[in-house]
Amino acid sequence: MAISLATLLGVHSLHLSNAGLAETTWHEDINWVAVTELEDPQRFLSGGELVLTTGMRLRSAPEQRRFVRQVQRAGAVGIGFGTGLTHDAVPPALIAEANRWGLPIVQVPYETPFIAIGKLVAEAQAADHVAKLERLIAGHQILARALLTGGGLTQLLKHLGGMLRTEIALTQFTAHLYNSGAELPSADTWASYPIPTGRRDACTLWVRQPFEDSGIIGYAQNLISVELNNMVKQRQAQRALCGQVLEDVIHGALETSEAQRRLAGVGLNSTRKNVVLLAVSAAHHKALVSTSVPQPLETAVAAVVGKDLVVVINDDGGAAPALARRLSDHLAEAGIHATIGIGGAYTKPNGLRWSYFEARDAASHGLPVNEPERLSLTSLLLASEDVPLADMAHESLNPLRAFDAAHGAELVTTLESYLNNNGSVAAVAEALTLHRNTVRYRLAQITELTGYDPSVTADRVQLWLALAVSRLGARQAR
């Protein structure tokens, strides 16, 4: 432990005595011992020193008083005045000035060399430094052991808070990964330390003030960074595994009993209602599939399906919109621009498929958070890889698009208007400001080019489906 003036006077071998009345810094630690015979040593002091002098140049009372003021302004803890050489006793003027400024004065007898005092203080400083290093190393071992023994971030931060004797919090974008107290951290009363990971899911370590950092926080930052990187790798592996199961279920490749068994293996109980949240990001899909999720979704099953992030929550549908907004906000904080689609709440593996397709259809609407709608026949047909509906739509409409491009005939526009107006030629003519005969002529051209007659119910369904598939495909491409 560092040594103070009070402790020094208790060392009998030094034969020191208190010459003044001031005890303001009596119990403050002595940072160093400065031996000087200068009249003005202030420029050579940095604060916390015990200044030792024999007063060789302090002959007059004004000089002695000025010396005390210079030492006091430098922030020294006291003066050790050596007697028996220049002065037989500590000068009264020096003592009076020291009492006035609250600076302790210690008399050092002739038989006590200054080096003995300096050595004692240096040994105390060295012992204190060694003790701090030992405590720091012990702290390092405790924090490292918390991770190596499976305690994870929670145990590490719990031990760190105990060492610093204060509250600890760890945040990641909008999520609070850990908080030892009830109060949320703020810049006013908490110190913040960034945790770099080289990834988008960087965290911030918060430490409630006041606290004394002996260097353990820097080590904790490194450990937290390592653990976060490990968590990312574990998250990627787990999501890939869950994604394989979900893809088999979505594609209908499993019998019901096998699907239930495999879903249970990744933590999904298909006998209860589940809702699919689908996050889609064309620009940031690589970061999307590995990023963290907000705290309310940490217990949900997350998976990677294609380039999308799928989060399955056990819910009857009531909490899904709020959770989807939390996910959207969390991704936005991470710099990931994504659209969230919400599926319906259903039981059984087929219900999970249905919820996924609803979520995918909703996500194509392009809003940050998209509520589920009734799943259309077009979406269901597109969900089946066995039905080449997109190719069929292209084959049906391509002749019309080519003719429009060459002649500016607006046959596709006319067809859309005809189908939207339930086959009414009069309504199409009014909507497009055309003569009815022009509308009939265009419908005849559509029949000739495609082979489908819009006035025939079966052909009309084919053309309507082709247009619907084309629109949905265009939204998904964006």
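## Salt bridges

Arg 100 and Glu 97 form a salt bridge, with their closest N and O atoms 3.4 Å apart; the term means a side-chain nitrogen of Lys or Arg within 4 Å of a carboxyl oxygen of Asp or Glu. The two residues are three apart in helix H3, which separates them by about one helical turn. Helices (H or I, at least four residues) and strands (E, at least two) are DSSP runs, numbered from the N terminus. Arg 100 is exposed at 60% relative accessibility, whereas Glu 97 is buried at 4%. Buried stands for under 20% relative accessible area, exposed for over 50%, and partly exposed for values in between (1.4 Å probe, protein chains only).

Glu 97 also meets Arg 69 in a salt bridge (3.2 Å, N to O). Arg 69 lies in helix H2 and Glu 97 in helix H3 (residues 92-101), so this pair ties together parts that are 28 residues apart in sequence. Arg 69 is partly exposed, at 25%. A further salt bridge joins Glu 258 to Arg 261, with the closest N and O atoms 2.7 Å apart. Both residues lie in helix H7 (residues 256-265), three residues apart. Salt bridges that share partners link Arg 69, Glu 97 and Arg 100 into one network.

## Basis of the values

This is a predicted model in which local features need pLDDT of at least 70 and side-chain atom pairs count only at pLDDT 80 or more, while totals for chains, interfaces and linings use all residues. Residues are numbered from 1 along each chain as its sequence is written, and side-chain values use heavy atoms, with hydrogens and water left out.

## Nonpolar cores

The largest nonpolar core has 24 residues, of which Leu 156, Leu 157, Leu 160, Ile 168, Leu 170, Leu 205 and Ile 224 touch the most other members. A nonpolar core is a set of buried Ala, Val, Leu, Ile, Met, Phe, Trp, Tyr and Cys residues joined through side-chain atoms within 4.5 Å. Elements that each supply at least two residues of this core include helix H4 (114-148), helix H5 (152-164) and strand S6 (168-172). Helix H6 provides the largest share, six residues. Another core, of 23 residues, lies apart from it and has Ala 300, Val 311, Leu 323 and Ile 342 among its members.

## Helix H9

Helix H9 (residues 320-333) has 14 residues. Its buried residues include Leu 323, Leu 327 and Leu 331. Just after H9, Gly 335 takes a positive phi of about 80°.

Technical notes:
The expected span of a helix is 1.5 Å times one less than its number of residues.
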